[in-house]
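Here is a note for a colleague opening this structure for the first time. Please read it with the sequence and the model side by side.

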Amino acid sequence: MAPDAPGGQERCDVFEARLRAVDRHGDRYFAERDPKDLARWTDAARQALENARGPVQEGRAAYRLAWALSVAHSTDARLGLLQEADELLRSAALPRDHAERPPMMGVATTVFLGLFQSGGDVEYLASAIETARDGIDGAAPDDPRLPNWSANLANCLRVYAELTGEAAVLDEAVVRGRSAAEAWRYSQPMVLAGLASSLYYRFAVRHRAEDLAEAMKVAHRAYELAPLDPTVLGVLSATLRLEFERTGSVDHLTEALTMQRRLVQGLSTGFPERAIHLANLAELLRLRGERLGSMGDLDEAIELAIEAAETAPGRDERAALIMLTQTLTVRAAAHVAGAPEQARADALAAIAAADRVLELIPEGHEATANFLTLRANAWWVSHRAGEPGAIERAIATYEQAALVPAPPLQRGLMLSNLGVLLSREGTGDPPALDRAIEVMEKARTLIPVDHPVYAQNTANLAAGCYRRSLASTSASDLARAGALADDGSASEAAPPSQRVVLSALSALFAVERGDLVAAARSFRSALNQYSFLAWQGGDRQAVAGQLARVEQLGSDAAACMIALGDEEGALEAVEHGRGVLWAQLLQLRSQHADTSPTARRLAEIAAALDTGVRTRDERMTLMDEWRRLQVQAAADRDANIVTRPRAAELKAAAINGPVVVVNVSAHRSDALIVEPDRVRAQDLPGLTPDLVRDHVTHNLETERDVEAARRRAFDAQARYEQGDQGFSGTRRAHQAWAALRTAERVAVDVLDRTLAWLWDVVAGPVLTALGPPGAEPLRLWWCPTGLLALLPLHAAGHDSGQSLLDLTVGSYTPTVRALAESQKAGPSNGDRLLIVSLAASEGQLPLPEVEEERQRIQETIGPDRTAVLEGANATRAAVREGLRTHSWAHVSCHGLQSLEDPFQGGLVLHDGMLTVEDVRAGHHRGEFLALLACDTARGGLDLADEAVTLSSAFHYTGYRHVVGTLWSVRSGAAAEFSASLYRHLVTGGRFAPERSAYAVRAAALELRERQRLSWVPFTHTGP
């Protein structure tokens, strides 16, 4: 460029005109955000620079071009644009008293901060702070741009404080940000976003609630002014997340997710910070998935974190990998119990991601301890999933992290995890257990009381003290364990599952001390939180896992209260702890909109959820509102809303006969006999959880043997009939059938012993308590708890002596409340019986009697009063629609149950399974349903108290009377039972579903005359 020419006034005028043109293009771009205006702005600035003469003109043109380049970088992330701007600014020079020096310093601040954010070079950040101070010091006090420059300096200071932890720098950031906001009268969204960022970061460091409260207020104000701005959305999302972590309110977390989704959806693929925003969205989904047990959230979080890691530059890749490590670890932990191979794969992937994070950081990085902890957490979960040698590597990594400087909270979290592993490794080793307790006690002093992990560490410490009390019989350790459990259960920041576990631990420790009053108090506290574990917004498998952690809670609480003489309290406790998933479904569908405002809102939520068309975020928001309204209703004692079972309501269920809740607990077992005017307990000393499990195991084993032998016999018979009729083929068939008969005899012997045992330890004592039998059989309902629900309690009796079938008309109810609800429904207006009939299903043995069964039902009911779905017409969609639109239905086909995941059990139809999960999502208004397929009244080995059976699913979703089967039944026996059942259901030409229980008993008596035990699997559920 040529030197300034003296006397070049005309040239100066031309240059000034060029600068004015540059400024107009810039103003137009900021007004319209048109990329063409940005290009014109940049071109005009280049032309002005090319025609500049002398250092002053060059400086004025250079800073304008640098400004345009920095804005262009914000739209397409080309690092070269910032680098060119850097070169321009470093070569430009304006006198300190020049009017355009402050704005030039403002542009330099933006460019240097951008270069720091792109590469992490701290020198650029220092330069940004220096130029910002320079510009502010040189500006006129009344310069209208001064608040913006102060806000920029505040942002740089905040970033510097985040790196260094210097409190004074952070305080200056807040002061300067607040000053800028006040100067603009809180009307500039970017200024407000910067102030909110400084405030929420200071809260994260100092945990002063007033900082977060101000940050929330300022961020929401910025959102009101610029609801689509990505910076504002990001700041508001981050602030809401901190408020969630402080209060545990899922409302704030869901709102944070909403803001972060809007932010990400508004970004182009090439946006420079898109990857970090994806990672932040992944983090929010991880938090909600972990908090509420939503596997869908965790899956989405992992997909987003992977995308972010693959597209992120520099530091953003590290952030994305951190999110990926954490989320994979959480999902692995969720899969440990049900899918260990998946858990192991996730944990190993998390370890690989953590290793990559450690590769990306320089030696001595301030967050090294944090990253080592992430890797150690993943090794821990991989140990739980069965990875050999993982626990040793986890402990070694935690101990390595303990040697690295870290902030107090991070150090506390790391020590908490290390203490848990040491306590598990130290089982049977008192010195190791002592060290584990010492480490967790140290962690307890470092983790704030309002942090979600405080309760988890407290639970682990309580468990450690309890284990040491067992080894040393130390009363002080047992007392310490109880005090810790009480303290942790009171933490409002803890997830509901953790608070339930801690309250349950407190109760059990009190039982150990012999303080039943304190135990009852803690049991009640646990039950008050228990139902919230099963909220309908959560992932079903994860919810089931949370419920399984405290599966015996209701039964143990009932045992404690019976010991205290509080039978009604015991009934409420056992009812509160059973069928939680179903009870919530009932409650959602029974809210009345004609009472209190809260009840009306609950009814609106129920209607919205019942449509089934909500997104996961919408569903979770609605369910969290429902949960909060229930909590408030309980606190307000709103009589319009049933928040937990009450004895008065439960006693009303016994209006037509006693309801017997058989409570099985390791502490004691009892029958709670529910009558309209009282609840009384009958001690059952011969009934223990271990004996119940033994009988269940033996019956399942012999049943599996029979099914395997039957399949081998059918296969051998088929080969024989297809031509394998030589000596070996004939012998094979005879041996197979002989093996089947042997397996059946063994199964009959085992079943006989079980039925006799059930009479001796349950049925006999209950009938004695109820008094002498009358002229008519006693109408009676059974509600067994735990694994007892897998045994045929209704068939208890001795082969040659008394039996319940002779003395009672027995039915089952999954819960007492379910019986009460079914009694409220009036008779239906059904006039046709739907018959679903499949004699053959792919991969299953044929059911030759199904066709004859259908014909006999039609003869009894009348062909014009039946509708039939059979063969290829019996599809999942057709059967679901038929069951939804018919009040009476009969199903004859194969049924399957998964003892490990009973939600996947169901009916084998032409095009696949109609599962319990499918039925649970539906809504029926039926009167009578006969499910004469195998296993339709059988639950699972886990979560037995949830009554997850096909019969219960249909009963809870609207069918009043359901006939089901406890195990596999032969098609011939089912056909005979069915024919007798319908003869007794049709009275005077009228189909009478209200007589279902009596018809089931009559059919069972007739079948017993021909086949002694073939009637046993058939059950009735309902009023």
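The numbered points below cover strands, rings and charged side chains.

1. Basis of the note. This is a predicted model, in which local features need pLDDT of at least 70 and side-chain atom pairs count only at pLDDT 80 or more, while totals for chains, interfaces and linings use all residues. Residues are numbered from 1 along each chain as its sequence is written, and side-chain values use heavy atoms, with hydrogens and water left out.

2. A three-stranded sheet. Strands E9, E10 and E11 form an open sheet in that order, with antiparallel pairing. Strands here are DSSP runs of E with at least two residues, helices are runs of H or I with at least four residues, and both are numbered from the N terminus. Two strands pair if DSSP finds at least two bridges between them. The edges are E9 (894-896) and E11 (912-915), each of which pairs on one side only. On average, neighbouring strands of this sheet are turned by 35 degrees against each other, direction ignored.

3. Pairing and packing at this sheet. Three bridges join E9 to E10 (residues 906-909) in the antiparallel sense. Leucine 896 has glycine 906 in E10 as its bridge partner. Helix H37 (residues 876-885) packs on the sheet, where it touches E10 and E11, and its direction makes about 30 degrees with that of E11. Contact means heavy atoms within 4.5 Å. Axes are lines fitted to C-alpha atoms, for helices over the stretch in contact, and angles run from 0 to 180 degrees between N-to-C directions.

4. Strands E13 and E16. Strand E13 (residues 961-965) and E16 run antiparallel and are joined by four bridges. Valine 962 stands opposite threonine 1021 in E16. In a regular strand the side chains alternate between the two faces of the sheet. From E16 (residues 1018-1021), Phe1018 and His1020 point one way and Thr1019 and Thr1021 the other way, and all are buried. Buried means under 20% relative accessible area, exposed means over 50%, and partly exposed is in between (1.4 Å probe, protein chains only).

5. Aromatic pairs. A search of the whole structure finds 14 aromatic pairs. Rings of Phe, Tyr and Trp (its six-membered ring) pair if their centres lie within 6.5 Å; planes under 30 degrees apart count as stacked, over 60 as edge-to-face and the rest as tilted. Phenylalanine 30 and tryptophan 41 make an edge-to-face pair, at 5.5 Å centre to centre and 65 degrees between the planes. This pair links distant parts of the chain, with phenylalanine 30 in helix H1 (residues 9-32) and tryptophan 41 in helix H2 (residues 35-50), 11 residues apart. Phenylalanine 30 is partly exposed at 33% relative accessibility, whereas tryptophan 41 is buried at 2%. Both belong to a cluster in which ring pairs link Tyr29, Phe30, Trp41 and Trp67.

6. A buried aromatic pair. Phenylalanine 928 and tyrosine 982 are also edge-to-face, at 6.1 Å centre to centre and 80 degrees between the planes. Phenylalanine 928 is in strand E12 (residues 928-931) and tyrosine 982 in helix H40 (residues 971-985), 54 residues apart. Phenylalanine 928 is buried, with a relative accessible area of 0%, and tyrosine 982 is buried with a value of 0%.

7. A charge over rings. Arginine 779 has its charged end over the ring of tryptophan 781, 3.9 Å from its centre. Arginine 779 also lies over the face of tyrosine 998, at 5.9 Å from the ring centre. A charge sits over a ring if NZ of Lys or CZ of Arg is within 6 Å of the ring centre and within 35 degrees of the ring normal.

8. Salt bridges. The structure holds 61 salt bridges, each being a side-chain nitrogen of Lys or Arg within 4 Å of a carboxyl oxygen of Asp or Glu. One of them joins aspartate 134 and arginine 96, with the closest N and O atoms 3.5 Å apart. Aspartate 134 is in helix H6 (residues 122-138) and arginine 96 in the loop between helix H4 (79-91) and helix H5 (101-119), 38 residues apart. Aspartate 134 is buried at 15%, but arginine 96 is exposed at 57%.
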